[in-house]
Amino acid sequence: VQLQASGGGSVLAGGYLRLSCVASGSFFSINGMGWYRQAPGKQRELVAGISRGAFANYGGFVKGRFTISRDNAKNTVYLQMNSLKPEDTAIYYCNALYSDPGLRQLNAWGQGTQLTVSS
């Protein structure tokens, strides 16, 4: 599976942005999808995850500002980010847990998209 993320960029604090990530390739099913982020000098952390049945969970820092959603027909996951803060500045990575045609459970990462929030 290949994951192509898009939608990153530079915004002012208080602004909003939507990330998208499309999965392509050979697979039986895409199960969980999610977004992680990594700021300079920090560990990668979970931003949000969503199951195939649309059950979502969020990192504690989100506090209602972000919404994750997915379109199973398009193999796409979205992250709507509102009320952005400078501390949200990071590279955002898309992640997918999927089953390959042999029903092996595998994990894929996208290439990352940069978000910069300035005050």
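I began with burial, and of the 119 residues of the protein 42% count as buried, where buried means under 20% relative accessible area, exposed means over 50%, and partly exposed lies in between, with a 1.4 Å probe and protein chains only. I keep in mind that this is a predicted model, in which local features need pLDDT of at least 70 and side-chain atom pairs count only at pLDDT 80 or more, while totals for chains, interfaces and linings use all residues. I also note that residues are numbered from 1 along each chain as its sequence is written, and that side-chain values use heavy atoms, with hydrogens and water left out.

**Overall form**

Read along the sequence, the pattern is β-β-β-β-β-β-β-β-β-β-β.

I then checked the radius of gyration, which is 14 Å and agrees with the value near 14 Å for a compact globule of 119 residues; the radius is taken over C-alpha atoms, and the globule rule is 2.2 Å times the number of residues to the power 0.38. Along the principal axes, the C-alpha trace spans about 50 × 25 × 20 Å.

For contacts (heavy atoms within 4.5 Å), I noted that among those between residues at least 6 apart in sequence, 52% join residues at least 24 apart. The accessible surface comes to about 6200 Å², and 52% of that surface belongs to carbon and sulfur atoms; the areas come from the Shrake-Rupley method with a 1.4 Å probe.

I looked up the charges as well: there are 11 positive and 5 negative side chains, and the centres of the two sets lie 1 Å apart. Here Lys and Arg count as positive and Asp and Glu as negative, while His and the chain ends are not counted, and each charge is placed at NZ of Lys, CZ of Arg, CG of Asp or CD of Glu.

**The disulfide**

Which cysteines are joined, I asked next? The structure holds one disulfide, and this disulfide joins Cys-21 to Cys-94 with an S to S distance of 2.1 Å, against a criterion of cysteine sulfur atoms within 2.5 Å. The pair links distant parts of the chain, with Cys-21 in strand E3 (residues 17-24) and Cys-94 in strand E9 (residues 90-99), 73 residues apart. With -90 degrees about the S-S bond, the link is left-handed. I find Cys-21 buried at 0% relative accessibility, and Cys-94 is likewise buried at 0%.

I located Tyr-78 in strand E8 (residues 76-81), where Tyr-78 counts as buried because its relative accessibility is 15%. Leaving aside neighbours within four places in sequence, I list among its contacts Arg-18, Leu-19, Ser-20 and Trp-35. Tyr-78 and Gln-43 are 35 residues apart in sequence and 22 Å apart in space, C-alpha to C-alpha.

Ser-6 lies in strand E1 (residues 2-6) and is partly exposed, with a relative accessible area of 38%. With neighbours within four places in sequence again set aside, Ser-6 is in contact with Arg-18, Leu-19 and Ser-20. From Ser-6 to Arg-70 I read 14 Å, C-alpha to C-alpha, across 64 residues of sequence.

Is Phe-28 buried or exposed? I find Phe-28 exposed, with a relative accessible area of 58%, in the loop between E3 and strand E4 (29-38). Not counting residues up to four places away in sequence, Phe-28 touches Ser-99, Asp-100, Pro-101 and Leu-103. Phe-28 and Gln-105 are 77 residues apart in sequence, yet 9.9 Å apart in space, C-alpha to C-alpha.

Leu-103, which Phe-28 touches, sits in the loop between E9 and strand E10 (105-109) and is exposed, with a relative accessible area of 53%. Leu-103 has a positive phi of about 65 degrees although it is not a glycine. I noted these angles because most residues other than glycine have a negative phi. Ala-54 also has a positive phi, near 75 degrees, and is found in the loop between strand E5 (45-50) and strand E6 (56-58).

Notes
Helices (H or I, at least four residues) and strands (E, at least two) are DSSP runs, numbered from the N terminus.
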